Amino acid sequence: MRAAVFLTALFATALPAAAQDIPGTEFTFGLWRGAAQSDAAGAFTHCYATLVFAGGDQLWINVSAKERVEVIFSFVKQSYRPDQTFQASLMLESGLPTHGEAQALGGSLISFNMAPVDDAHAFLSQGNWLRLMGVGNDEAYDVRGLGGVLGEVRACRESQRQ
């Protein structure tokens, strides 16, 4: 069922921002899709991969030009004020959770940032079920391939260094 939702939304979804995909940088990894993005002036901002879930929730994994991993959720049943913050925990089914501050981007979007990139990659590679606790949504998401796709996003980021 997740695959059907993903295929329906494959070309209709993009990272919720004013950014645009950089032509020729698009990639897929299993059910994930991603690309490098630029701002309105054409400057590189980040590389991302995204996955759409049954029910409409969506996940983005970004590696920014600022060398951090941004885990962004869109929860269709939640609504947030821009810049609202939460003490939150990002967890997988194995290992210990990582704690920090999640920030609302407005609407249904919330971001949890992690640095350094190597540590974030190691953490996000240790499981198949991802959950962000403390933001009003208590659901675990099947993110199989997250470690591999994060490697693709990092490779995308490296290709944008100039």
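Predicted model: local features only at pLDDT ≥ 70, side-chain atom pairs only at ≥ 80, totals over all residues.
## Secondary structure

The protein chain contains 3 helices and 11 strands. Read along the sequence, these elements follow the order α-β-β-β-β-β-β-β-β-β-α-β-β-α.

## Burial, surface and contacts

The protein chain has 162 residues, of which 48% count as buried. Its accessible surface comes to about 7,900 Å². Carbon and sulfur atoms contribute 53% of that accessible surface.

Among contacts in the protein chain with a separation of 6 or more, 52% are between residues 24 or more positions apart.

## The disulfide

The model has 1 disulfide. This disulfide joins Cys47 to Cys156, with an S to S distance of 2.1 Å. The two residues count as a disulfide because their sulfur atoms lie within the 2.5 Å cut-off. The link connects distant parts of the chain, as Cys47 and Cys156 are 109 residues apart. Cys47 belongs to strand β4, which covers residues 44–52, whereas Cys156 belongs to helix α3, which covers residues 146–159. The bond therefore ties a strand to a helix, given the DSSP assignment of these elements.

The angle about the S-S bond is -70°, and the link of Cys47 and Cys156 is left-handed. Both cysteines, Cys47 and Cys156, are buried.

Technical notes: Residues numbered from 1 in each chain as written. Heavy atoms only, no water. Helix = DSSP H or I, 4+ residues; strand = E, 2+ residues; numbered from the N terminus. Buried < 20%, exposed > 50% of the residue type's maximum accessible area, 1.4 Å probe, protein only. Contact = heavy atoms within 4.5 Å. Areas by Shrake-Rupley, 256 points an atom, 1.4 Å probe, with all protein chains shown as cover.
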